[in-house]
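Colleague: I have a few minutes before the group meeting. Can we go through this one together?
Modeller: Go ahead, here it is.

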Amino acid sequence: MSANNVNIHTVGGYNFYSFITDGKKYIIGGVPQKYKDDYIAEAEDASAIILLTSKPEFCGGVGDVVANNPDIDVYATSAGLRNIKEIINRDINECLIKDNMEIGGIKFIIAPNLSWVDTVLAMYSGTLFSGELFSGDEEYYNENLAVNRDFVKSAIERVKTLDINSIFPAKGEVCDVATAILQYEAFTAIPEKTKSLLSIVYSSEYGFTRKMAEYAKKILTEDYDVYFTEAAACDMAVVNNSDVLIIGTNTINRNAPQAVWDVITRLDLVNMRQTPYFVFGSFGWAGDGIKLVDKTLQAMGMKQIAKPVEVLFNPSEKDFTQLEKAIAKLKS
Ligand SMILES: Cc1cc2nc3c(=O)[nH]c(=O)nc-3n(C[C@H](O)[C@H](O)[C@H](O)COP(=O)(O)O)c2cc1C
């Protein structure tokens, strides 16, 4: 298939593109290693390959392309060149892409973190080669790009200023510019908050840790929008949008339960680093689960607001007071 003088090659849902300009054949993008055959064949007589990223699923066959056509130039950003050499472990004819650079009518726009740090957009003949940006639906966006929402938003703003009539993504269908922008603006929209959002996530077998969680909720509801949930039923989209995270955990066999760790392993640490957190819980003999969770969140770069409150079995009035004091540190 071709459009705007560009040949579109689609294999397994992935796209790479080829065209001739100034008498030279260029290949833009790449495909996963398992689809490399068409890619190698198309690049056999090409002068250059332009990598929009070194993320392996979008440059899987590059090592073979270079082996098959050692004279081919490889264009990428500085991070892209650094990565690709370490990925394919062979010498390449390196060509560095800089912002606003132009070769043979192809213009480059450095737009990092879409989704890897090395990404660049390319423009040719009214077409934007957008890489992962504008690839796929909301699910694709959430899985691959949402972690870098601010970068996606600024890339969209930049795209709005470009004189283009179509978008050729790395994955999925060629798309209309206005529709793609509208769709991605909706994906990246930031939910309005009237109050700061605070998540209380807890795990409790006999209800003791739950009692503490409920007490914390009662105190905090006035100042925060409180998302209160059992760890096993936790909606991570809400937790990862929170301004404060509070985890209540019991201790079972010297550990926190799996449901608590499931929440912790799904924390978006790109955006949650430095987020204030606090841990509490009921225990029976040493309370290792509470300590482990606290240490882990600290090691992840989150900001402890108070030392964990560890309560032996059923929380007493004194324990609730201690919990209240710890939570009060949120305000100081
Ligand atoms: C199977 C089992 C294993 C436990 N292992 C530990 C442990 O290793 N360390 C500890 O401090 N408490 C341990 N406990 C005690 C609980 O942490 C304690 O009963 C706590 O009050 C439970 O809080 P919850 O009501 O919020 O579940 C264990 C309890 C059970 C049922």
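Modeller: One convention before we start: Ala, Val, Leu, Ile, Met, Phe, Trp, Tyr, Cys and Pro count as nonpolar, Asp, Glu, Lys and Arg as charged, and the others, Gly among them, as polar. Also, this is a predicted model.

Colleague: Fine. How do the residues of the shell around the ligand divide, then?
Modeller: There are 7 nonpolar, 9 polar and 3 charged residues in the shell.

Colleague: Which residues come nearest to the ligand?
Modeller: Ser-204, Glu-205, Tyr-206, Thr-209 and Gly-284 do, out of 19 residues around the ligand.

Colleague: And which elements supply at least two residues of that shell?
Modeller: Helix α7, residues 208-220, and strand β16, residues 276-283.

Colleague: Let's stay with β16. What joins it to β15?
Modeller: The two strands run parallel and are joined by 4 bridges. Within that pairing, Gly-248 stands opposite Phe-280 of β16.

Colleague: How many bridges join β13 to β15?
Modeller: Strand β13, residues 196-203, has 6 bridges to β15, and these two run parallel as well. For instance, Val-201 has Ile-247 of β15 as its bridge partner.

Colleague: Is β15 mostly covered or mostly open?
Modeller: Mostly covered: 6 of the 6 residues in β15, which spans 244-249, are buried.

Colleague: Which residues sit on each side of it?
Modeller: In a regular strand the side chains alternate between the two faces of the sheet. In β15, Val-244, Ile-246 and Gly-248 are on one side, and Leu-245, Ile-247 and Thr-249 are on the other. Residues on both sides are buried, so both faces of β15 are covered.

Colleague: Changing topic. How is the protein divided into domains?
Modeller: Domain 1 covers 2-188 and domain 2 covers 196-328. The centres of the two domains, taken over C-alpha atoms, are separated by 42 Å.

Colleague: What about helix α3, which residues of it are buried?
Modeller: Gly-80, Leu-81, Asn-83, Ile-84 and Ile-88 are the buried residues of α3, a helix that runs over residues 78-88. They pack against α2 (62-68), β6 (73-76) and β7 (93-96). Just after the helix, Asn-89 takes a positive phi of about 50 degrees.

Colleague: Why does Phe-313 count as exposed?
Modeller: Because Phe-313 has 11 C-beta neighbours inside 10 Å, and the cut-off for exposed is 12 or fewer. Ser-125 has 15 other C-beta atoms within 10 Å, so Ser-125 is partly exposed.

Colleague: Where is the cis peptide bond?
Modeller: Between Leu-114 and Ser-115, with omega about 0 degrees. Ser-115 lies in the loop between β9 (106-110) and β10 (120-124).

Colleague: Last one, Lys-295. Where is it found?
Modeller: In helix α11, residues 288-299. Lys-295 is partly exposed because 13 other C-beta atoms lie within 10 Å.

Colleague: How far is Lys-295 from Val-279?
Modeller: They are 16 residues apart in sequence, and their C-alpha atoms are 9.7 Å apart in space.

Technical notes: Residues numbered from 1 in each chain as written. Predicted model: local features only at pLDDT ≥ 70, side-chain atom pairs only at ≥ 80, totals over all residues. Buried ≥ 20, exposed ≤ 12 C-beta atoms within 10 Å, placed from the backbone. Near = placed C-beta within 6 Å. Pairing = 2+ DSSP bridges. Domains from an automatic or database assignment. Contact = placed C-beta atoms within 7 Å.
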